[in-house]
Amino acid sequence: MTTAREICFVFIGGTHQIYHLAPVAAEIARREGRFAVRCFCADEEAETALREIARRMQAETMEITRLPVPWLARLAVRVTGRPSAAKGPILASLRWRARRACAIVVPERTSAALRKMGWRRPLIHFRHGAGDRAPASEKRLRAFDLIVVPGEKDIKRAVDQGIDRARLRVGGYVKLDYLRIAPPAKEPLFDNGLPTVVYNPHFDPRISSLDIARDVIERFRHQDRYNLVFAPHIRCMEGMSQADRQRFLAQAVEGRIIVDLGSPSLFDMRYTQAADIYLGDVSSQLYEFLSRPRPAVFLNSHGADWKSDPRYAGWHLGEVADGPDTALAAIDRAVADHQSKIEAQADALKFAFGDFEGAIQRSTDILVEELTARQQA
């Protein structure tokens, strides 16, 4: 009797990353008896999301293990104030737990540190998101034996960073494919008949509009044409003080303005699917929103010379405002002129996400074929 080979899927970067990879783990567990699938996560919220995906995809054999947080990780978080500081010690403990695995598969790049910790077997990366920002962590891709990305945009960017094209594969946008199986809640966000704007600042302070977000929300509190959902990237809350959280929450208006600082709706696409208009800066959630083309507006809160900067490529798909005072007028223009943007939005979506229908199957095939080939080599 042949013993199943273990694949370890590791989720330590936040629940928002799980939808980009866990459906692939579930598909392997469901259909590939020659592999044992073990998922590691770092908190209760992630464990709950993993179990829900396993249930939805009927992956009864997918094993889910919540990693205990080492004392060194707790100390690092306390000293730095950043939850991400726990990743290094958690990875060090994982290195031993995965000692029997034939591969480790991750949706973030911090796990490249496993190479320095002595991991020599396949280390595989699935990209989460497909935005235009090119973070410094792109250089960590060199640590991975196989890199599975949503579309050709990430292929081009990785090759430009010096990554060997032979290690890159296009699988499509797994998250969108999974949400066809498990769609977000369909209940209306509001019941007043007004169009809804979802405002989605990114967490990177160098290019995010979060610093002006309260002023933006205030403009919506003094108008009667649009509803608003304030839905910042989940990582915006990592270093946010309790006082700042309370200031944001105080701006909510029942029946008109939702302020969400932590629910699963921030990343399960409920807001981006339900909203009529997108307002943001550089988040890849723009492209999730554009899975159904709609008006988009971007806040140039840093005075960026954006038109020829690839980090702002998405801004050509809508209108650009220079701050809170011009945001509502830009939204009006985006709605009025949307017809002229539809073709460009569809092209950009294809470039970013590829063919997202069937992405789970394609990505699973890519991973299984890679591991099978290595076994036979």
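In the predicted model, strands β11 and β12 run parallel and are joined by three bridges. Within this pairing, Tyr278 is placed opposite Ala296 of β12. Strand β12 also pairs with strand β13 (residues 319-321), again in the parallel sense and over three bridges, and here Val297 faces Glu319 of β13. Strand β12, which spans residues 296-299, is covered on both faces: Ala296 and Phe298 on one side are buried, as are Val297 and Leu299 on the other. In a regular strand, side chains alternate between the two faces of the sheet.

The loop that connects β11 (277-280) to α10 (285-289) contains Asp281. Asp281 has a relative accessibility of 4% and therefore counts as buried, the threshold being under 20%. Two polar interactions involve the side chain of this residue. A polar atom of the Asp281 side chain lies 2.9 Å from the backbone nitrogen of His202, and the side chain of Ser209 makes a polar contact with that of Asp281 at 2.7 Å. Beyond residues up to four places away in sequence, the surroundings of Asp281 comprise Asn200, Pro201, His202, Ile207, Ser208, Ser209, Phe298, Leu299 and Trp315. Phe298 and Leu299, both touched by Asp281, are buried residues of β12.

With neighbours within four places in sequence set aside, Leu261 is in contact with Phe230, Pro232, Met237, Arg245, Phe248, Leu249 and Leu266. One of these residues, Leu249, is twelve residues from Leu261 in sequence, and the two C-alpha atoms are 8.1 Å apart.

An open sheet of seven strands is arranged in the order β3-β2-β1-β4-β5-β6-β7, with parallel pairing. The edges are formed by β3 (63-66) and β7 (168-170); each has a single partner strand, so one side of each lacks a neighbour in the sheet. From one strand to the next, the twist averages 20 degrees. At the β3 edge, strand β2 (residues 35-41) runs parallel to β3 and is joined to this strand by four bridges. Cys41 has Arg66 of β3 as its bridge partner. Helix α2 (residues 44-56) packs on the sheet and touches β1 (5-11), β2 and β3, its direction making about 175 degrees with that of β3.

Helix α5 (residues 152-160) includes the buried residues Lys153, Asp154, Ile155, Arg157 and Ala158. Gly162, which follows α5, has a positive phi near 90 degrees.

The largest nonpolar core consists of 102 residues, and Phe9, Met62 and Phe220 have the most contacts inside it. Apart from this core lies another, of 26 residues, including Ile12, Leu67, Ile147 and Leu168. When neighbours within four places in sequence are excluded, Phe9 is in contact with Leu21, Ala25, Ile28, Val37, Arg38, Cys39, Phe40, Val105 and Leu367.

Definitions and conventions. Residues are numbered from 1 along each chain as its sequence is written. This is a predicted model: local features need pLDDT of at least 70, side-chain atom pairs count only at pLDDT 80 or more; totals for chains, interfaces and linings use all residues. Side-chain values use heavy atoms; hydrogens and water are left out. A nonpolar core is a set of buried Ala, Val, Leu, Ile, Met, Phe, Trp, Tyr and Cys residues joined through side-chain atoms within 4.5 Å. Buried means under 20% relative accessible area, exposed over 50%, partly exposed in between (1.4 Å probe, protein chains only). Contact means heavy atoms within 4.5 Å. Helices (H or I, at least four residues) and strands (E, at least two) are DSSP runs, numbered from the N terminus. A polar contact is a pair of N or O atoms within 3.5 Å; within protein, one must be able to donate a hydrogen and the other to accept it, and residues adjacent in sequence count only if both atoms are side-chain atoms. Two strands pair if DSSP finds at least two bridges between them. Axes are lines fitted to C-alpha atoms, for helices over the stretch in contact, and angles run from 0 to 180 degrees between N-to-C directions.
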